[in-house]
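Let's walk through this one together, starting with what the record says about the chain and ending at the ligand. Keep the structure open as you read.

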Amino acid sequence: MDLHSGSPFWALKNPLFQETDTLTEPIQTDVLIIGSGITGALVAHELCTAGIACAIVDKRSIAGGSTSASTAQLQYEIDVPLHELAEQVGEEKAAFAYRASLKSIADLKKVVKQTGISAEFTQVPTLLLASNRKGLRALKEEYAIRTKHKLPVSFLDREALKETYDIDRFGALKNNASAQIDCYRMATELLGYHRNNHQLKLFPYTEVIAYKRNADHFIVETQKGVSISCKYMVIAAGFEAGRFLPKKVMKLISTYALVSEPLPTESLWPERCLIWETRQPYFYLRTTSDNRIMMGGEDIPFKNAALRDIKLPEKTKVLENKFRKLFPHIPMVTDFSWCGTFSSTNDGLPYIGEYKDKKNLFFALGYGGNGITFSMIAAQLIRNKIQGKKDKREEVFGFER
Ligand SMILES: Cc1cc2nc3c(=O)[nH]c(=O)nc-3n(C[C@H](O)[C@H](O)[C@H](O)COP(=O)(O)OP(=O)(O)OC[C@H]3O[C@@H](n4cnc5c(N)ncnc54)[C@H](O)[C@@H]3O)c2cc1C
């Protein structure tokens with residue numbers, strides 16, 4: 001599948017990771033991770049740090065999948081609002097999922113600090129704007145349940161929103177628990193760090209096409225006919241993981257994004273918050289370290305890459321217009337635009353852990369608009385499972401939920 005097209009900003013801004021080559025000789029390892037995006041990189045981080053030997057293969061360049069096209073906002077909010085998720089899965093489970101997502105932002109910060117990598121991790125608040133009266137009613141309900149579960153949130157009425165941010169909407173929820181990163185850089189630097197410090201083996205342009213299970217290990221076959229023997233397999237293959245899954249658990253969505261030319265700092269909105277709107281299809285924005293505005297949304301169901309790509313010029317215009325309506329005084333000019341594909345699940349939760357009857361085969365599928373927080377959870381949960389430790393999060397994020 002063609003995961004993205006156009007000009008994804010991180011892929012233009014950062015150098016290509018070219019320190020390693022495709023796999024040409026058979027290898028043996030304890031853990032084979034399929035996929036070198038932010039999920040595979042975080043899984044490798046947790047395993048290498050715990051002293052577990054691992055190798056990563058990727059059919060593309062390193063982190064060249066969805067990770068290079070992401071807008072990389074880190075929010076504890078899950079695609080399904082807490083008050084709706086509570087109805088779907090029960091209030092305790094829903095609040096547990098939100099708390100796990102909140103914790104993962106602090107854990108991502110720790111990863112950056114521990115390794116000293118430069119992922120442009122920056123803490124910024126989130127503003128979730130009520131686009132209309134219906135949105136305002138939903139935000140009030142959301143505020144009540146988040147407050148009940150002691151999640152960080154405050155409510156801004158229309159006047160406060162206008163006064164503080166010069167935004168004309170019906171109200172907003174705010175929290176100071178969010179962050180933003182350059183996730184292509186985070187993935188590549190993390191992989192480089194563990195390659196240099198923990199002998200992580202890293203093979204780009206190496207596609208896994210089949211595997212078979214022997215008594216206590218897997219034999220994995222690559223498209224170029226080389227084999228890999230491993231005790232555990234981790235599927236961190238992003239939105240192409242369907243081929244490894246016994247059943248379909250996600251639906252594919254096309255999404256659009258753009259980044260502006262750099263602007264003077266004083267042109268940007270206060271606190272450079274991450275901003276979301278309640279209206280569907282959603283619209284969101286952030287800033288970058290070089291003072292650009294990055295925005296996205298306009299999601300539609302994915303049919304094929306050609307249909308997704310043909311709509312890029314039209315969707316770029318819609319995003320620009322939405323921005324101008326929100327901030328008429330900011331002179332934003334688009335520099336690059338791109339589109340990508342991602343997955344969502346019915347309950348907005350990821351699929352992480354072992355599939356029944358598939359022992360030692362772990363899935364790290366952070367499906368959702370805020371998938372990077374799920375990648376962090378997947379990495380820790382899988383490390384725990386390999387170390388023989390129980391992880392309660394599997395009850396909420398696993399296949400048996
Ligand atoms: C436009 C856009 C905006 C987004 N914005 C946000 C955001 O603001 N915040 C957020 O949290 N998330 C966001 N997401 C989602 C986020 O980017 C993803 O959750 C995350 O990048 C997924 O990382 P991954 O490592 O799981 O997948 P990927 O980065 O796609 O990595 C999987 C890798 O597996 C490889 N692979 C697949 N099959 C095989 C195989 N058979 N053999 C070998 N290799 C294989 C692929 O080549 C790929 O490189 C956004 C996504 C898009 C497209």
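UniProt, in an unreviewed entry, lists residues 30–382 as "domain: FAD dependent oxidoreductase"; its positions are given in the numbering used here, feature names are shortened, and annotations may be inferred rather than shown by experiment. What you're looking at is a predicted model, where local features need pLDDT of at least 70, side-chain atom pairs count only at pLDDT 80 or more, and totals for chains, interfaces and linings use all residues. Residues are numbered from 1 along each chain as its sequence is written, and side-chain values use heavy atoms, with hydrogens and water left out.

Across residues 30–382 the chain is 33% helix and 29% strand, with the end C-alpha atoms 13 Å apart. Helices (H or I, at least four residues) and strands (E, at least two) are DSSP runs, numbered from the N terminus. An unreviewed UniProt entry also lists residues 361–382 as "transmembrane region". In the model, that stretch is 55% helix and 23% strand, and its end C-alpha atoms sit 10 Å apart.

Now find strand 2, residues 27–34. Six of its eight residues are buried (under 20% relative accessible area, with a 1.4 Å probe and protein chains only), so the strand is largely enclosed by the rest of the structure. Who are its neighbours? Strand 2 pairs with strand 11 (residues 227–235) in the parallel sense over seven bridges; two strands pair if DSSP finds at least two bridges between them. In that pairing, Ile27 stands opposite Ile228. Strand 2 also pairs with strand 3 (residues 54–57), again in the parallel sense, over four bridges, and here Ile33 has Ile56 as its bridge partner.

On to the ligand. Its shell holds 33 residues, and the closest are Thr39, Asp58, Arg60, Thr67 and Thr71; to be counted, a residue needs a heavy atom within 4 Å. By class, that's 11 nonpolar, 16 polar and six charged residues, where Ala, Val, Leu, Ile, Met, Phe, Trp, Tyr, Cys and Pro count as nonpolar, Asp, Glu, Lys and Arg as charged, and the others, Gly among them, as polar. Helix 2 (38–49) and helix 10 (371–386) each supply at least two residues of this shell.

How values were computed:
Buried means under 20% relative accessible area, exposed over 50%, partly exposed in between (1.4 Å probe, protein chains only).
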